[in-house]
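Trainee: I am new to this model. Could you take me through it step by step?

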Amino acid sequence: MGYKKILIPLDGSESAELALPYSRKLADEQSTLVLFSVCPEDELRLCRLNSAYLGLQADVLRAAGYQAVSHTEPGNLAERIKDYVAKEAVDLIVVCRQGHSDLSKEEKVLQNLVTERCSLFLVKPGSGQPKLTKILLPLDGSIVSENAVPHVIRLAQITKAEVLLLSVNGYPEIPSDRPPAAKPSWEEYALILMKEVREQAREYLGRVAADCQKAGVTTKTTVVFGGIAESIVRVAEEHKADAIAMATHARTGIDRWVYGSVAAAVSSATTLPMLLVRETER
């Protein structure tokens, strides 16, 4: 099942237009591309200019065989997008992060656009030509993180991409009450623990991979140890992933990832596009 409505915020800049090639790639014959702009309340002339600009961009898309409409209104960008998404049942926003802006502030604004029904495909300056042949999906074993799986399956079905499922685990820490002379040695015991964790993670990822494969999506798995955000970025580079998918927020206990902060850290450390999803915990 493809995306019915894809919203692309545009402001006339070349960087914002980097979202357009990805939008084309994510659209099918049932999709409507909504070109969206917002201007200040007291700048009606700018609204008219924006409307004309979006109209030209929509004409280009329609000439290429896509369904496209344009929409311009005054107000605050984030507020107007959220209102439009709710009213018009938009199910995907494709937006390019502005490289010159305050990243911490912009990341918060962008992540706040993600709703339970609408995902965000975040394009980065420097992403290059649109290519979606491999999608990296980190999972931590929680129900909330698994809520990203259907979104990734949907994206993979549209783009014919392979999905790489990733489990990141911390290294064992020496218990404070463990005597130095205990046998086996701490090094040996740590290796035993890591082997157990690796086997459990592989079994878990294997179950998720089976669900993906039932949906016709080619899936592989990998298990690594290290820091969460750094490991995600490293694995994406090593396996030549074209995009990273993550939940933006989870409340799952102290042994689980705080996805909002991890997603922000990953987003700041990579130029790869990211699919950001949000679901309520069941």
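Trainee: Is S231 buried or exposed, and at what relative accessible area?
Mentor: This is a predicted model, in which local features need pLDDT of at least 70, side-chain atom pairs count only at pLDDT 80 or more, and totals for chains, interfaces and linings use all residues. Residues are numbered from 1 along each chain as its sequence is written, and side-chain values use heavy atoms, with hydrogens and water left out. Buried means under 20% relative accessible area, exposed over 50%, and partly exposed in between (1.4 Å probe, protein chains only). S231 therefore counts as buried, at 2%.

Trainee: Which residues is S231 in contact with, leaving aside neighbours within four places in sequence?
Mentor: S231 sits in helix 8, residues 228-238. Helices (H or I, at least four residues) and strands (E, at least two) are DSSP runs, numbered from the N terminus. Contact means heavy atoms within 4.5 Å. With those neighbours set aside, the contacts of S231 are V168, V224, F225 and G226.

Trainee: Where is T248, and what is its relative accessible area?
Mentor: T248 lies in the loop between strand 9 (243-247) and helix 9 (259-269). T248 is buried, and its relative accessible area is 1%.

Trainee: Which residue in strand 2 is the bridge partner of I8?
Mentor: Two strands pair if DSSP finds at least two bridges between them. Strand 1 (residues 5-9) and strand 2 run parallel, joined by five bridges. In strand 2, I8 has as its partner L35.

Trainee: Which hand does the crossover from strand 2 to strand 3 have?
Mentor: Strands 2 and 3 run parallel, with eight bridges between them. The chain crosses from strand 2 through helix 2 to strand 3. A crossover is right-handed if, with the strands pointing away from the viewer, the path from the first strand over the helix to the second runs clockwise. This β-α-β crossover is right-handed.

Trainee: How far apart are the end C-alpha atoms of helix 2?
Mentor: Helix 2 has 20 residues, 44-63.

Trainee: On how wide an arc do the buried residues of helix 1 lie?
Mentor: The buried residues of helix 1 are A19, L20, Y22, S23 and L26. The arc is that of the directions from the helix axis to the C-beta atoms. Those residues are on the same side of helix 1, because their arc is only 160°.

Trainee: What kind of aromatic pair do Y22 and F121 make?
Mentor: Rings of Phe, Tyr and Trp (its six-membered ring) pair if their centres lie within 6.5 Å; planes under 30 degrees apart count as stacked, over 60 as edge-to-face and the rest as tilted. The whole structure has three aromatic pairs. In this one, the centres are 5.6 Å apart and the planes at 40°, so Y22 and F121 are tilted.

Trainee: How many residues apart are Y22 and F121?
Mentor: Both are buried. Y22 is in helix 1 and F121 in strand 5, so the pair links distant parts of the chain. The separation is 99 residues.

Trainee: Which residue in strand 5 is the bridge partner of C96?
Mentor: Strand 4 (residues 92-96) has five of its five residues buried. Five bridges join strand 4 to strand 5 (residues 119-123), and the two run parallel. The partner of C96 is V123.

Notes. The expected span of a helix is 1.5 Å times one less than its number of residues.
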